[in-house]
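Here is a briefing for a reader who is meeting this structure for the first time. Please look over the sequence and the model before reading on.

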Amino acid sequence: MIVYKIVKEGHYPMKKKKIQKTNAIRLLDKEKIDYTIYEYPWNEEQLDARTAAEKVGMQLDKIYKTLVTVGDKTGVTIACIPAENELDLKALAKVSDNKKMEMLPMKDLEKTTGYIRGGCSPIGMKKSFSTYLAAEAKTMGRIVVSAGKRGMQIELAPFDLITVTKAAYAEIASRNS
């Protein structure tokens, strides 16, 4: 079942609307994975996960951000971590068989993944990359990730995210200080 929620002016009406499908949504449909879409107004200055959580009326711990990194041995690697956490690059390097990891330069994001800043989904990238989901997600019934477009989020079960991205759970996140 697919639920589509449009968020406007602080309330969440259910509304039948033709979904503007992103690569992420097309892939979830193809794999017959249940998800909920949240769409909300966005602006260039507020592309962060905290704003997304507020706009869709979710607790921040359910929102996961997608970070694109580059390893010295394996190349591009995707990390999906809770919004309020920081990526532990050393831990990601270790689990991904790299000695060193760094963030992919923002200028390379779209040509590498097919997605832009503020709309980068771990699902449906141009190529299949090694993907790691923070171990905290194991305890969650559902999590929310970008749908591949600014102002659009997808809620799904962590297991389904693992399945569709061929990801692995890993201890890669640390609490912001």
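Helix 5 (residues 158-165) supplies three residues to the lining of the second largest pocket, the largest share of that lining. Helices (H or I, at least four residues) and strands (E, at least two) are taken here as DSSP runs, numbered from the N terminus. This is a predicted model, in which local features need pLDDT of at least 70 and side-chain atom pairs count only at pLDDT 80 or more, while totals for chains, interfaces and linings use all residues. Residues are numbered from 1 along each chain as its sequence is written, and side-chain values use heavy atoms, with hydrogens and water left out.

**The second largest pocket**

- The second largest pocket has a volume of about 240 Å³, and of the 15 residues that line this pocket, L27, G124, S128, V164 and T165 are the closest to its centre.
- A pocket is an open set of points on a 1 Å grid over the protein atoms alone, where a 1.4 Å probe fits, with protein on both sides within 12 Å along at least five of seven lines, and its lining residues have an atom within 4 Å of a point.
- Grid points are joined across faces, edges and corners, and the volume is the space filled by probe spheres set on the points.
- Sorted by class, the lining of the second largest pocket holds seven nonpolar, five polar and three charged residues, where Ala, Val, Leu, Ile, Met, Phe, Trp, Tyr, Cys and Pro count as nonpolar, Asp, Glu, Lys and Arg as charged, and the others, Gly among them, as polar.

- In helix 2 (residues 49-56), the buried residues are A49, T51, A52, A53 and V56, and what covers them includes strand 2 (35-39) and strand 9.
- Helix 2 is followed by G57, whose phi is positive, near 70°.

**Two lysines with positive phi**

- K166, which follows helix 5, lies in the loop between helix 5 and strand 10, and has a positive phi of about 55° although it is not a glycine.
- With a relative accessible area of 70%, K166 is exposed.
- K32, found in the loop between helix 1 and strand 2, has a positive phi of about 55° although it is not a glycine, and K32 counts as exposed at 73% relative accessibility.

**The nonpolar cores**

- In the largest nonpolar core, which has 43 residues, Y64, L156 and I172 touch the most other members, and strand 4 (residues 75-82) gives the most to this core, with five residues.
- Apart from it lies another core, of 11 residues, among them Y38, Y40, V56 and A83.
- A nonpolar core is a set of buried Ala, Val, Leu, Ile, Met, Phe, Trp, Tyr and Cys residues joined through side-chain atoms within 4.5 Å.
- Not counting residues up to four places away in sequence, I172 touches A79, C80, I81, E86, L87, D88, A91, L92, V95, Y132 and A134.

- N98 lies in the loop between helix 3 (89-95) and strand 6, and is buried, with a relative accessible area of 9%.
- Leaving aside neighbours within four places in sequence, N98 is in contact with G71, D72, K73, T74 and A93; N98 and T74 are 24 residues apart in sequence and 6.6 Å apart in space, C-alpha to C-alpha.
- E102 lies in strand 6 (residues 101-103) and counts as partly exposed at 43% relative accessibility.
- Leaving aside neighbours within four places in sequence, E102 is in contact with T69 and V70, while E102 and L89 are 13 residues apart in sequence and 7.0 Å apart in space, C-alpha to C-alpha.

**The chain as a whole**

- The chain has five helices and 11 strands, and of its 177 residues, 53% count as buried.
- Among contacts in the chain between residues at least 6 apart in sequence, 63% join residues at least 24 apart.

Notes
Buried < 20%, exposed > 50% of the residue type's maximum accessible area, 1.4 Å probe, protein only. Contact = heavy atoms within 4.5 Å.
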